[in-house]
Amino acid sequence: MSSKMRRPGPTLSLVPEARDPAAPDRGPTVPDTRADGRLDWSISMASAQAGDRDAYRRLLEAITPYLRALAARHIANRSDVEDTVQDILLTIHTVRHTYDPARPFGPWLVTIANRRIIDVLRRQGRSSAHEIPVEPEHETLSVPEANLQEEAVSARMLRDAVERLPAGQRDAIRMLKLEELSLLEASAASGISVASLKVATHRALKRLREVIGKPGNRT
Amino acid sequence: MTSTPDLIDSLVADAQPVRRLRPPAMRALCWLLFAALVLVLVAVGHGVRPDLMLKLRQPVFFAGVLAALTTGVLAAMASFMVSIPGRSRRWLLLPAPALAAWISTMAYGCLTDWVSIGPDGLSLGETARCFATLAVTSVPLSLLMLIMLRHVARLAPAPVAMTGSLAVAAMTAVALSLFHPLDATVLILLWNFGVAALFLAFSGLYGKRLFEWVAR
C-alpha cells in the first residue's frame with residue numbers, strides 16, 4: 001500500500017485548496033461551524049443534485065476533513081482512515097439522489113459515514129481474528145522453546161551429552177564449537193592436525209545428533 | 001489506490017444531474033398500489049375462494065386477514081422510510097403491533113377450533129395451486145421492492161430487506177387466505193407463517209447480496 005506516500009498529500013494540499021476558491025463566499029461561515037455549515041452543505045448538495053459541479057466539489061472538499069475526523073474517532077490506523085474516507089465519498093456519490101434538501105444534511109451524511117466505518121471495523125475484526133500481533137513477551141511466554149527456563153534445561157542436556165563423548169571428539173567440540181576457536185588455533189593448542197580435528201568434529205556432531213535426537217531424551 | 005483529491009476530481013467529473021427520490025411515503029404507496037393490482041389480477045385469474053363471504057363474517061378470519069394486510073402496509077412503509085439515510089431506525093418497529101395482532105389471531109384460531117384436516121382431506125391439487133398463487137404474488141412484489149430500494153445496497157441492506165420481505169409475505173398471506181379454501185389449521189399456519197419465516201430468513205441471509213445484484 002502506498003499509504004505513507006499518500007497520507008501527507010491530501011491533508012496538506014486539501015486545506016489551502018478548500019479555502020482559496022471558496023474564501024469570498026464562505027469566509028463568514030468557516031468560523032461558525034455548526035448551524036451555518038450545515039445549511040451551506042445542504043444547499044450545495046441540492047445544487048450538486050441538479051448537476052452543479054462547482055458546488056459538488058466545494059461540498060466534497062468541505063466534508064472530507066469532517067469525515068476524516070469522524071473515521072479517526074473509531075479507526076486507529078491512518079491509512080485505513082483515508083481508505084474509509086474515500087469509501088464514504090464513493091457511497092455519497094452513489095446514493096446522492098436519496099438526499100432530500102428539505103431534511104437536514106448532517107444525519108444523512110453521518111448515517112452513510114457510520115455505515116462505511118462499521119464495514120471497515122468488521123473487516124478489521126475478521127482479519128485480526130486470524131492474526132496474532134508478535135510482541136517480545138509473546139515470544140517468551142507463548143512459545144515454549146523460547147522460554148529461558150527451557151533453554152537452561154536443554155543447555156545442561158547438551159553439556160552432559162558432550163561429556164559422554166570419546167576424549168578426542170569431546171576436545172574437538174569444546175575447542176571449535178563451545179570456545180569458538182578457529183581450526184588453526186585449535187590445531188596449535190592441541191597438537192592435532194586440522195584434518196583430524198575436522199573428522200573428530202564431524203563424528204562428534206553426528207553422535208550428539210543421535211543422542212539428543214532420541215525421542216526419549218527430548219523434554 | 002488514488003489519493004482523496006484525485007477521487008474527488010473523478011467524482012466531480014462524473015456528477016451528472018440526478019433525479020431526487022420521491023418522499024418515501026409516496027413510494028410506499030406506489031408499491032402498495034402495485035400490490036393491490038397484483039391481488040386483483042390474481043383474483044380475476046384464479047377467482048376468490050368459494051366460501052369467502054361466509055368466512056369474512058367470521059370475526060377471527062376477518063381479523064386475521066385485516067391484521068396481515070395492516071402488517072403488509074406498515075412493513076412496506078417502514079422499509080421505504082428506513083431505506084433513506086438519516087431517517088430514524090425506529091421506523092422498523094412500525095409493523096410490530098400489526099404483526100403481533102396477526103400472530104395472536106392465528107394463535108387464537110389454533111386454540112378455539114383446531115381443524116386438523118379439512119372436509120375433503122389434504123388435497124395435493126390445492127397445495128400446488130397454493131404454490132402457484134404464492135409465486136405469482138410474491139415474485140413480482142419482491143422484484144419491484146428490490147428495484148425500488150436498490151440504492152440501499154451500499155447502506156443498511158439487512159433490516160430493509162427483512163421489513164420488505166415481511167411486507168411481501170404479509171401480502172402473500174392475504175392472497176392465500178382470500179383465494180384458497182384452507183381450513184386445516186396446520187395448513188393455515190404453514191402458509192401464513194411458513195411463508196413469512198421463509199422470506200424473513202432468506203432476506204436476512206441473502207438480502208445484502210440480492211440488493212447488490214440488483215444495484216449493479
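Biologist: Before we start, how are residues, chains and ligands numbered or lettered?
Modeller: Residues are numbered from 1 along each chain as its sequence is written, while chains are lettered from A and ligands numbered from 1 in the order in which they are written. This is a predicted model, in which local features need pLDDT of at least 70 and side-chain atom pairs count only at pLDDT 80 or more, whereas totals for chains, interfaces and linings use all residues.

Biologist: What does the secondary structure of chain A come to?
Modeller: Chain A has 12 helices and 0 strands. Helices (H or I, at least four residues) and strands (E, at least two) are DSSP runs, numbered from the N terminus.

Biologist: And how many of its residues are buried?
Modeller: Buried residues account for 25% of the 219 residues in chain A. A residue is buried if 20 or more other C-beta atoms lie within 10 Å of its own, exposed if 12 or fewer, and partly exposed in between, with C-beta atoms placed from the backbone.

Biologist: Take V120(A): where is it found?
Modeller: V120(A) belongs to helix 7 of chain A. It counts as partly exposed because it has 19 C-beta neighbours inside 10 Å.

Biologist: Which residues is V120(A) in contact with, leaving aside neighbours within four places in sequence?
Modeller: They are I75(A), D80(A) and T84(A). Two residues are in contact if their C-beta atoms, placed from the backbone, lie within 7 Å.

Biologist: New topic: how many residues of chain A are in contact with chain B?
Modeller: There are 35 residues of chain A in contact with 22 residues of chain B. On the side of chain A that touches chain B, helices 2 (8-19), 4 (35-49), 5 (53-72), 6 (78-94) and 7 (105-129) of chain A each supply at least two residues.

Biologist: Which helix gives the most to that side?
Modeller: Helix 6 of chain A gives the most, with 7 residues. The residues of that side of chain A divide into 13 nonpolar, 13 polar and 9 charged. Ala, Val, Leu, Ile, Met, Phe, Trp, Tyr, Cys and Pro count as nonpolar, Asp, Glu, Lys and Arg as charged, and the others, Gly among them, as polar.

Biologist: Now helix 7 of chain B: how many residues does it have?
Modeller: Helix 7 of chain B has 23 residues and reaches 32 Å from its first C-alpha to its last, close to the expected 33 Å; the expected span is 1.5 Å times one less than the number of residues. Of its 23 residues, 22 are buried, so helix 7 of chain B is largely enclosed by the rest of the structure.

Biologist: At what angle do helix 2 and helix 7 of chain B pack?
Modeller: Helix 2 (residues 24-46) and helix 7 (residues 157-179) of chain B pack at about 25°, with their axes 11 Å apart. Helix 2 of chain B is therefore roughly parallel to helix 7 of chain B. Angles under 35 degrees count as roughly parallel, over 145 as roughly antiparallel, 65 to 115 as roughly perpendicular and the rest as oblique. Axes are lines fitted to C-alpha atoms, for helices over the stretch in contact, and angles run from 0 to 180 degrees between N-to-C directions.

Biologist: And how do helix 4 and helix 7 of chain B cross?
Modeller: The axes of helix 4 (residues 59-82) and helix 7 of chain B come within 8 Å and cross at roughly 155°. That makes helix 4 of chain B roughly antiparallel to helix 7 of chain B. The residues of their contact divide into 16 nonpolar, 7 polar and no charged.
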